[in-house]
Amino acid sequence: RQVLGDWGFGRKVGKGLGLTVLFSGPPGTGKSMVAGLIAAELGLDLYVIDLSRIMSKWLGETEKNLARAFDAAEAGHVLLLFDEADTLLGRRTAEIRSANDRHANLETNFILARLEQFQGIAVFTTNLASAIDPAIMRRMSANIAFPFPDVEARTELWRRMIPTEAPTTGRIDFAKLARYELSGGFIRNVVLRAA
């Protein structure tokens, strides 16, 4: 409100006033978790969009479903999370060889137009940023890369994943565990399964 209203930038930019963010990085690096933390910090509900229910083989259905999701976010003050969004935000193709290519291009064009009008908050996550159409990348307010954790980060992840209440025997060598190249999501899985 301050930037767009009080400072007058809303009159200058006109469209694309929403906040759309792309989180990219390897699996298990915390992209979806951070979206949830941001929603909690802003006091917003997090709506995780199930792309398998949004995407449709029927012409126009995907666009209709997406429109409903975007409309709900603007009206209900929620943060939308499109997990594994590369399936939705794929590159358009100039060589249309089938109806599927044409249909995919139409969906991407719809997303481009809708992002220009969107006034809510949406987070898109992907493991494959290179698969996303460059025009969509330009419309993102921010593109944040989540790196694979280094040894120091993995040591801390191991340490933080084991609750103080958990019964353990002996000293746990977190530095030794951190030598294994696992992302935070995999460390979480190992700790839970071991417990």
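**Exercise 1.** Which residues does Thr 155 touch, not counting residues up to four places away in sequence?

*Solution.* First, a word on the model: it is predicted, so local features need pLDDT of at least 70 and side-chain atom pairs count only at pLDDT 80 or more, while totals for chains, interfaces and linings use all residues. Residues are numbered from 1 along each chain as its sequence is written, and side-chain values use heavy atoms, with hydrogens and water left out.

Step 1: look for contacts, meaning heavy atoms within 4.5 Å. Thr 155 touches Phe 174, Ala 175 and Ala 178.

**Exercise 2.** Work out where the buried residues of H8 lie.

*Solution.* Step 1: Thr 155 has a relative accessible area of 14%, so this residue is buried (buried is under 20%, exposed over 50%, partly exposed in between, with a 1.4 Å probe and protein chains only).
Step 1: Arg 154 and Trp 158 of H8 are buried along with Thr 155. Viewed down the helix axis, the buried residues of H8 fall within an arc of 105°, so they line one face (the arc uses directions from the helix axis to the C-beta atoms).
Step 2: turn to the other side of H8, where Glu 152 and Arg 160 are exposed.

**Exercise 3.** Name the helices that the buried residues of H8 pack against.

Conventions: Helices (H or I, at least four residues) and strands (E, at least two) are DSSP runs, numbered from the N terminus.
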